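Hello,

Below is the model I said I would pass on. My notes on what was found follow it.

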Amino acid sequence: MHSISRTESYLWENRKTIAPAQFNLNDAMKFVSLSLMGIAIIVGFAFSDLVLGPFHFPEYTDIIIFFSVLAESITGVVGGFTIGRSGRKAVSMIGFSGLLGSWLVLLLFFNYVIYNLYLLLAMLAISSVFGEIAWASRELLEPENFTSRYRGRGVGGVRLTGYTLYIAFIFILANATINLYAWFILIVYIAGFAGGVLYLLYGRETKGSHVI
């Protein structure tokens, strides 16, 4: 009798031996926490970099977006060697705590930052670094928390929540002042931080785990 390695193909072939998954309170918690994280990333980045940045410096819109994306890209390259091997809960809390903390600092010195291109670039770059870490943690947690049977619907539902709110707030905040935008982004990042705390307390550590 030949041995069969525990690959995903093996798990797929033996799905009938696994009890059917039932939606429960734990699944609801996962969906809520991941959705809050998704909202912070999907809505927060767009409104911070594409609205707050170019508001007083429209002629430097390309530069503002370039440096924000550059900070994210560098973080992504460096994180590619470390984040995948790190505890998911720790990475999530670092990312969303950093997002919230950096935005609180920006709001504290808002009148200085918003009129100074260099300070604005620095603050948006710092926010982008933590945003990339937060984004990476969410990208890891989504497939690792939903079973193969419900993975597409689970991941799709989390992202649909974020993008639906993003589209809605484009119209809701169409005539908002720049100060209101800044405070709105803070609320969005608080939601992401709350999602990270919720997962830290009630979610499972998925590093090295197998979800079938």
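Before the rest, two remarks on the basis. This is a predicted model, in which local features need pLDDT of at least 70 and side-chain atom pairs count only at pLDDT 80 or more, while totals for chains, interfaces and linings use all residues. Residues are numbered from 1 along each chain as its sequence is written, and side-chain values use heavy atoms, with hydrogens and water left out.

Overall layout and confidence

The chain has 8 helices and 0 strands, taken as DSSP runs numbered from the N terminus (helices H or I, at least four residues; strands E, at least two). In sequence order the pattern is α-α-α-α-α-α-α-α. Of the 212 residues, 42% count as buried; buried means under 20% relative accessible area, exposed over 50%, and partly exposed in between (1.4 Å probe, protein chains only). Among contacts between residues at least 6 apart in sequence, 85% join residues at least 24 apart. The accessible surface of the chain is about 11700 Å², and 69% of this belongs to carbon and sulfur atoms. Areas come from the Shrake-Rupley method with a 1.4 Å probe, and for residues only the protein chains shown count as cover.

Mean pLDDT (the predictor's confidence in each residue, from 0 to 100) is 82 for the chain, with 86% of residues reaching 70 or more. Confidence is lowest in helix α1 (residues 8–13), at a mean of 49, and highest in α4, at 93. Over residues 1–7 the pLDDT stays under 50, and the model has 3 contacts beyond four places in sequence for them. Residues 15–19 are also below 50, with 2 contacts in the model beyond near neighbours in sequence.

Salt bridges

With a salt bridge defined as a side-chain nitrogen of Lys or Arg within 4 Å of a carboxyl oxygen of Asp or Glu, the count comes to 5. One of them joins the side chains of Arg88 and Glu144, at 2.8 Å from N to O. This pair links distant parts of the chain, with Arg88 in helix α4 and Glu144 in helix α6, 56 residues apart. Both residues are buried; for Arg88 the relative accessible area is 6%.

Arg138, Glu139, Glu142 and Arg159 are linked in a network of salt bridges. Within it, the side chains of Arg138 and Glu139 meet at 2.7 Å, N to O, and the closest N and O atoms of Arg138 and Glu142 are 3.3 Å apart. Arg138 and Glu142 are separated by about one helical turn, because they are 4 residues apart in helix α6. Arg138 counts as buried because its relative accessibility is 4%, and Glu142 is buried at 0%. Glu139, at 24%, counts as partly exposed.

Trp135 is found in helix α6 too and is partly exposed, with a relative accessible area of 35%. The C-alpha atoms of Trp135 and Gly95 are 7.8 Å apart, for a separation of 40 residues in sequence.

Nonpolar core and surface patch

A nonpolar core here is a set of buried Ala, Val, Leu, Ile, Met, Phe, Trp, Tyr and Cys residues joined through side-chain atoms within 4.5 Å. The largest one has 40 residues, and those with the most contacts inside it are Leu52, Trp103, Phe110 and Tyr189. Helices α2 (25–56), α4 (88–108), α5 (110–113), α6 (117–145), α7 (151–172) and α8 (178–202) each supply at least two of its residues. The largest share, 9 residues, comes from α8. Leaving aside neighbours within four places in sequence, Leu52 is in contact with Phe47, Trp103, Leu106, Phe110, Ile114, Ile178 and Ala182.

On the surface, Tyr60, Ile63, Phe66, Phe67, Leu70, Ile74 and Val78 form a nonpolar patch with about 600 Å² of accessible area together. Patches are made of residues with over 30% relative accessible area and no salt bridge, like charges being joined within 9 Å and nonpolar side chains (Val, Leu, Ile, Met, Phe, Trp, Tyr) within 5 Å. Ile74 lies in helix α3 (residues 61–79) and counts as partly exposed, at 47% relative accessibility.

Regards

Technical notes: Contact = heavy atoms within 4.5 Å.
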